[in-house]
Amino acid sequence: MEWHNQTALITGASSGIGAATARALADGGAHVLLMARRRAALEEVAGAIRSAGGRASVYPADATDPAAVAEQMAALEAASGTPAIVVNNAGGGRWRFVTET
(Lines give C-alpha, C1' and ligand atoms only; values in the text may rest on other atoms or scores of the structure.)
Protein backbone atom coordinates (compact mmCIF):
# COMPACT_ATOMS: atom_id res chain seq x y z
CA MET A 1 0.00 0.00 0.00
CA GLU A 2 1.19 3.51 -0.71
CA TRP A 3 1.47 5.98 2.15
CA HIS A 4 3.44 8.77 0.43
CA ASN A 5 3.22 12.19 2.08
CA GLN A 6 1.45 10.72 5.13
CA THR A 7 2.67 10.83 8.71
CA ALA A 8 2.08 7.80 10.91
CA LEU A 9 2.44 7.70 14.68
CA ILE A 10 3.19 4.22 16.02
CA THR A 11 3.24 3.64 19.78
CA GLY A 12 5.11 0.63 21.12
CA ALA A 13 7.40 1.07 18.11
CA SER A 14 10.65 -0.08 19.73
CA SER A 15 10.17 -3.79 19.01
CA GLY A 16 7.85 -6.54 17.83
CA ILE A 17 4.63 -5.66 16.04
CA GLY A 18 5.16 -1.92 16.52
CA ALA A 19 8.60 -1.94 14.90
CA ALA A 20 7.38 -4.17 12.06
CA THR A 21 4.41 -1.87 11.47
CA ALA A 22 6.71 1.15 11.39
CA ARG A 23 8.97 -0.54 8.84
CA ALA A 24 5.99 -1.51 6.66
CA LEU A 25 4.52 2.00 6.71
CA ALA A 26 7.92 3.53 5.98
CA ASP A 27 8.43 1.08 3.11
CA GLY A 28 5.13 2.36 1.73
CA GLY A 29 6.38 5.95 1.85
CA ALA A 30 5.07 7.23 5.19
CA HIS A 31 7.11 9.39 7.53
CA VAL A 32 6.89 7.30 10.70
CA LEU A 33 6.83 8.89 14.15
CA LEU A 34 8.08 6.29 16.60
CA MET A 35 7.00 6.36 20.25
CA ALA A 36 7.95 3.98 23.06
CA ARG A 37 9.81 4.01 26.36
CA ARG A 38 13.26 2.94 25.22
CA ARG A 39 15.08 5.66 23.26
CA ALA A 40 17.98 3.39 22.28
CA ALA A 41 15.64 0.77 20.81
CA LEU A 42 13.65 3.47 18.97
CA GLU A 43 16.89 4.85 17.53
CA GLU A 44 17.77 1.36 16.23
CA VAL A 45 14.39 1.01 14.51
CA ALA A 46 14.66 4.53 13.10
CA GLY A 47 18.21 3.86 11.89
CA ALA A 48 17.11 0.71 10.06
CA ILE A 49 14.24 2.60 8.42
CA ARG A 50 16.54 5.44 7.37
CA SER A 51 19.15 2.98 6.04
CA ALA A 52 16.43 1.51 3.83
CA GLY A 53 15.61 4.99 2.48
CA GLY A 54 12.66 5.75 4.74
CA ARG A 55 11.83 8.65 7.03
CA ALA A 56 11.57 8.14 10.79
CA SER A 57 11.51 10.40 13.85
CA VAL A 58 11.91 9.28 17.46
CA TYR A 59 9.71 10.43 20.36
CA PRO A 60 10.51 8.51 23.57
CA ALA A 61 7.68 8.42 26.10
CA ASP A 62 6.09 5.92 28.46
CA ALA A 63 2.42 5.57 27.50
CA THR A 64 1.52 5.29 31.20
CA ASP A 65 2.93 8.80 31.86
CA PRO A 66 0.38 11.35 30.59
CA ALA A 67 2.76 14.30 31.01
CA ALA A 68 5.52 12.60 29.01
CA VAL A 69 3.08 11.64 26.25
CA ALA A 70 1.66 15.20 26.11
CA GLU A 71 5.17 16.64 25.89
CA GLN A 72 6.17 14.34 23.05
CA MET A 73 2.87 14.84 21.22
CA ALA A 74 3.42 18.61 21.31
CA ALA A 75 6.94 18.12 19.95
CA LEU A 76 5.88 15.80 17.14
CA GLU A 77 2.92 17.97 16.14
CA ALA A 78 5.21 21.03 16.04
CA ALA A 79 7.68 19.16 13.83
CA SER A 80 5.36 17.12 11.62
CA GLY A 81 1.76 18.26 12.15
CA THR A 82 -1.09 16.00 13.22
CA PRO A 83 -0.45 12.39 12.16
CA ALA A 84 -2.78 11.10 9.46
CA ILE A 85 -2.36 7.53 10.73
CA VAL A 86 -2.20 6.39 14.36
CA VAL A 87 -1.31 2.83 15.34
CA ASN A 88 -1.84 2.61 19.09
CA ASN A 89 0.24 -0.50 19.63
CA ALA A 90 1.72 0.19 23.09
CA GLY A 91 0.78 -2.67 25.34
CA GLY A 92 0.05 -3.03 28.96
CA GLY A 93 -1.81 -5.41 31.11
CA ARG A 94 -1.74 -7.99 33.80
CA TRP A 95 -0.80 -11.64 33.47
CA ARG A 96 -3.98 -13.43 34.55
CA PHE A 97 -6.06 -16.37 33.52
CA VAL A 98 -8.69 -15.54 30.91
CA THR A 99 -11.46 -16.13 33.45
CA GLU A 100 -9.93 -13.41 35.66
CA THR A 101 -9.77 -10.69 33.03
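User: What should I know about the model before going on?
Analyst: This is a predicted model, in which local features need pLDDT of at least 70 and side-chain atom pairs count only at pLDDT 80 or more, while totals for chains, interfaces and linings use all residues. Residues are numbered from 1 along each chain as its sequence is written, and side-chain values use heavy atoms, with hydrogens and water left out.

User: OK. What's the mean pLDDT of the protein?
Analyst: The mean is 93, and 96% of the residues reach 70 or more. pLDDT is the predictor's confidence in each residue, from 0 to 100.

User: And where is confidence lowest and highest?
Analyst: It is lowest in helix α3 (residues 66–80), with a mean of 94, and highest in helix α2 (residues 39–51), at 98.

User: Back to β1. Why is it largely enclosed?
Analyst: Five of the five residues of β1 are buried, so the rest of the structure largely encloses it.

User: How many bridges join β1 to β2?
Analyst: Five, and β1 (residues 7–11) runs parallel to β2. Two strands count as paired if DSSP finds at least two bridges between them. Threonine 7 has histidine 31 as its bridge partner in β2, and threonine 11 has methionine 35. Right-handed means that, with the strands pointing away from the viewer, the path from the first strand over the helix to the second runs clockwise.

User: Which other strand pairs with β1?
Analyst: Strand β4 (residues 85–88) pairs with β1 in the parallel sense, over four bridges. The partner of alanine 8 there is isoleucine 85.

User: What about β2, mostly covered or open?
Analyst: Mostly covered: six of the six residues in β2 (residues 31–36) are buried. His31, Leu33 and Met35 are on one side, with Val32, Leu34 and Ala36 on the other.

User: How many bridges join β2 to β3?
Analyst: Six bridges join β2 to β3 (residues 55–60), and the two run parallel. Histidine 31 stands opposite arginine 55, and the chain goes from β2 through α2 to β3 in another β-α-β crossover, again right-handed. Alanine 36 is bridged to proline 60 in β3. Five of the six β3 residues are buried.

User: Switching topic: what's the volume of the largest pocket?
Analyst: About 360 Å³. It has 16 lining residues, and the closest to its centre are Gly12, Arg37, Asp62, Ala90 and Gly91. On a 1 Å grid over the protein atoms alone, a pocket is an open set of points where a 1.4 Å probe fits, with protein on both sides within 12 Å along at least five of seven lines; lining residues have an atom within 4 Å of a point. Grid points are joined across faces, edges and corners, and the volume is the space filled by probe spheres set on the points.

User: How does that lining split by class?
Analyst: Five nonpolar, eight polar and three charged residues. Ala, Val, Leu, Ile, Met, Phe, Trp, Tyr, Cys and Pro count as nonpolar, Asp, Glu, Lys and Arg as charged, and the others, Gly among them, as polar.

User: Where does aspartate 62 lie?
Analyst: In the loop between β3 and α3. Aspartate 62 is partly exposed, at 29% relative accessible area.

User: Which residue has a positive phi although it is not a glycine?
Analyst: Asparagine 5, at about 65°. Most residues other than glycine have a negative phi. Asparagine 5 is in the segment before β1 and counts as exposed, at 72% relative accessibility.

Technical notes
Buried means under 20% relative accessible area, exposed over 50%, partly exposed in between (1.4 Å probe, protein chains only).
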